[in-house]
Amino acid sequence: MRTKTMKLTVAAVAAAAALSLTACEPDGSDGTGDEAAGAGTSTASAPAAGGTPTGKATGATPTGKVTGGSTGGTTSSAGGGTGGSTGGGTGGGDAAGGGRLKPAAQSVKIGQPATVDFADKQANVTTKLQITVTGVEIGSIKDLQEAKAPTANAEGHTLVYVSYTIKNLGDASLSFTAPSSKFVVVDTAGHNGVFMDPPASITVAKCPGPKFQGVKKGMEAKGCSIIGLSGTDNAPAQVGYTDLVDLLKFQAAWTK
C-alpha cells in the first residue's frame, strides 16, 4: 500500500511540474501578452529607443494623429476667425471712399447740392440753404506760413481744404452769420477734424474764406474752410453738415 501511494504522489508532483513549465514557455499566449504590454510601457516612456517597437507601443502613432489633428484644427479655426473678422469689419466700414462713414439724412457726391436748415441764435437768423461741396483737397502748412497765418495749432495735423457754394433759400440775410461753421470733416477712422481757419483779416491763397455779408434770398457765397485731421498722414473720407439739434448727426454728407 505504501509503495502504491508513494508512486501516485510522485506522479502527481511530476504532472504539476510539467504544467508549470508549459505555462512559462515564450510561445504561450499569457507570456506573449505580458511581454507586449511591457514593451508598450517601455517604449512610451522612451520613444527614441526603437523604430518598430515604438510604432506598436501603446498607440504612439494614434497619439500623434490626435495631436496633429487638434493642432491643425486650432490653426485653421484661428486663421478663419481672423480673416473673417478683419474682412467683415473692413468691408463694412469702407463705404464710398475708404472710411467709416457717419449716417446722414442726405448722402450725395461731391459736386452735388443738398438742402439743409440753418439757424444762428445770436443773429436771430433761421433759413434754408442749398449747399454744394465742390472740392476736398489736402493742404499744406506752408500755405499758412505764406499767408502769415498762425500755424501752432496746425502742427501734427493733415490740413484739408473744403471748397463749397452756399445759396440762401430763405428770406433772412446771412449777414453776421457763419453757415460754414457747421461743416465737419471725418477721416478714414471715423474721427472728426477741427477747424483751423485763420482770422478773417488773413486770406490763404489756396483756401480763401467765404463772405456772407449781404447774402440775401437767392444769392450765393463761395468759400473754403480749413479743417485739420489728427496726424500728418491722414485722409478725409466724408464731409458732413451737422444737424441743428443733435450735433453728432448730419443733415447732409458728401463723399467722392
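1. Strands here are DSSP runs of E with at least two residues, helices are runs of H or I with at least four, and both are numbered from the N terminus.

2. Please keep in mind that this is a predicted model, in which local features need pLDDT of at least 70 and side-chain atom pairs count only at pLDDT 80 or more, while totals for chains, interfaces and linings use all residues. Residues are numbered from 1 along each chain as its sequence is written, and side-chain values use heavy atoms, with hydrogens and water left out.

3. The pLDDT, which is the predictor's confidence in each residue from 0 to 100, averages 74 for the protein, and 61% of the residues score at least 70. Over residues 1–97 the pLDDT stays under 50, and the model has 21 contacts beyond four places in sequence for this stretch, a contact being heavy atoms within 4.5 Å. Where pLDDT is low, the predicted coordinates should not be read in detail.

4. The protein has six helices and nine strands. Strand β8 (residues 236–242) has seven of its seven residues buried, so it is largely enclosed by the rest of the structure; buried means under 20% relative accessible area, exposed over 50%, and partly exposed in between, with a 1.4 Å probe and protein chains only. Of the 256 residues of the protein, 29% count as buried.

5. Strand β8 has an antiparallel partner in β5 (residues 183–187), with five bridges, and another in β9 (residues 250–255), with four bridges; strands count as paired if DSSP finds at least two bridges between them. Val186 stands opposite Gln238 in β8, while Tyr241 has Ala252 in β9 as its bridge partner.

6. The search of the whole structure finds one cavity of 30 Å³ or more, and the largest cavity has a volume of about 50 Å³, where a volume is the space filled by probe spheres set on grid points joined across faces, edges and corners. A cavity is a set of points on a 1 Å grid over the protein atoms alone where a 1.4 Å probe fits but cannot get out, and lining residues have an atom within 4 Å of a point. Among the residues that line the largest cavity are Ile110, Val136, Gln238 and Trp254.

Notes: 1 Å grid on protein atoms, 1.4 Å probe; cavity = no way out; pocket = protein on both sides within 12 Å on 5 of 7 lines; lining within 4 Å.
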